[in-house]
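Please read it alongside the model shown here.

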Amino acid sequence: MPTKTLTGEVISIGDEMTSGARLDTNAQWLSRRLGELGVEISFHSTVGDTLEHNVDVFRTAASRVHVVVCTGGLGPTQDDLTRQALAAVVQQPLELRQSSLDHIERLFAKRNRDMPDRNRVQAMFPVGSLEVFNPQGTAPGVDVTVEREDGSSSRVFALPGVPAEMKRMFDDTVAPRILEMIGGQRNHIEHHVMKFFGVGESDMEQRLGDMISRDRVPRVGITVSSATISLRITAAGQTEADCREQIQATRKAILDRVGELHFGDGEDFEQYHAVESSLRELGQSLVSVEFGRSAVLANWFAS
């Protein structure tokens, strides 16, 4: 089955977002992840906790992109309105899902707490929608398809605003479902991060050439932080072995072009880790002498 390009929109919900009281890091993370899957992000939207405005934002997003991912508004309080807004958009009532309610009750029991009645609303879903299982919290996500007048459709995924829960749910459930939409028998995803130092981003892009093309498979994303360039390889395939084979081939191709700049692999691997590793291999030690209140080198190696 041939693949197709999907467009996407990320929606952030909550008065704390529109007021600027909280920094919206969820949208940044989701945009990067969606891009790695091949979804072209066309819009970011932020909306407060008003039902009418939520309905408008969802209707607008569903009318112009293939995939919508939102965070927030799935709690048990009166200002958590994502379920009601989605139900209004698809013109379907909310129904109780016993499997979700059972999971929420188990979480409260595990914490030796009685479940408040208001938490039952978290097990309510628009008729015809799918659940996005939340293994870590009481707010399951919602997966609903919005039909358009021209016969096409948009897929809306609503996830909780808690970053740890949102990320786990996206990687475990949402990403595989999006891959099914794109096409092909790809139901497994693997990521691999390579770290580089020594040139600027533009020079790195020039040396990599088509390695970071948007339509390359597997996808290679590039980000820069504190002079460190990270290349994130995202492979999708039928099996874990298939993904790892893609990653290894791509990793070798990258090293052939910029191998002399490479100092390590891993999301959390930093330059001081590479220095420490080299010192251990050589059986050597390091003494740092720093003046002032900020002992950067000492703090690095102490961590």
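**Notes on the model**

1. R244 is partly exposed at 48% relative accessibility, where partly exposed lies between buried (under 20% relative accessible area) and exposed (over 50%), computed with a 1.4 Å probe on protein chains only. R244 forms a salt bridge with E240, with the closest N and O atoms 2.3 Å apart; a salt bridge is a side-chain nitrogen of Lys or Arg within 4 Å of a carboxyl oxygen of Asp or Glu. The two residues are separated by about one helical turn, because they lie 4 residues apart in helix α8. E240 is likewise partly exposed, at 32%.

2. The model is predicted: local features need pLDDT of at least 70 and side-chain atom pairs count only at pLDDT 80 or more, whereas totals for chains, interfaces and linings use all residues. Residues are numbered from 1 along each chain as its sequence is written, and side-chain values use heavy atoms, with hydrogens and water left out.

3. The salt bridges number 12 by the rule above. One of them joins R64 to E9, with the closest N and O atoms 3.0 Å apart. This pair links distant parts of the chain, 55 residues apart: R64 belongs to helix α3 (residues 51-64) and E9 to strand β1 (residues 6-13). Helices (H or I, at least four residues) and strands (E, at least two) are DSSP runs, numbered from the N terminus. R64 is partly exposed at 37%, while E9 is buried at 1%.

4. Helix α7 (residues 201-208) and helix α8 (residues 240-258) have axes that come within 9 Å and cross at roughly 115 degrees; axes are lines fitted to C-alpha atoms, for helices over the stretch in contact, with angles from 0 to 180 degrees between N-to-C directions. M204, R207 and L208 of α7 meet I254, R257 and V258 of α8, contact being heavy atoms within 4.5 Å. R257 also forms a salt bridge with D210 (3.2 Å, N to O), and D210 lies in the loop between α7 and β10.

5. Strands β10 (residues 219-225) and β11 (residues 228-237) pair in the antiparallel sense over 7 bridges, pairing requiring at least two bridges found by DSSP. They form a hairpin with 2 residues between them, and S226 in the turn has a positive phi of about 50 degrees. T228, in β11, is buried at 5% and touches K195, F196, T223, F263 and Q271, not counting residues up to four places away in sequence.
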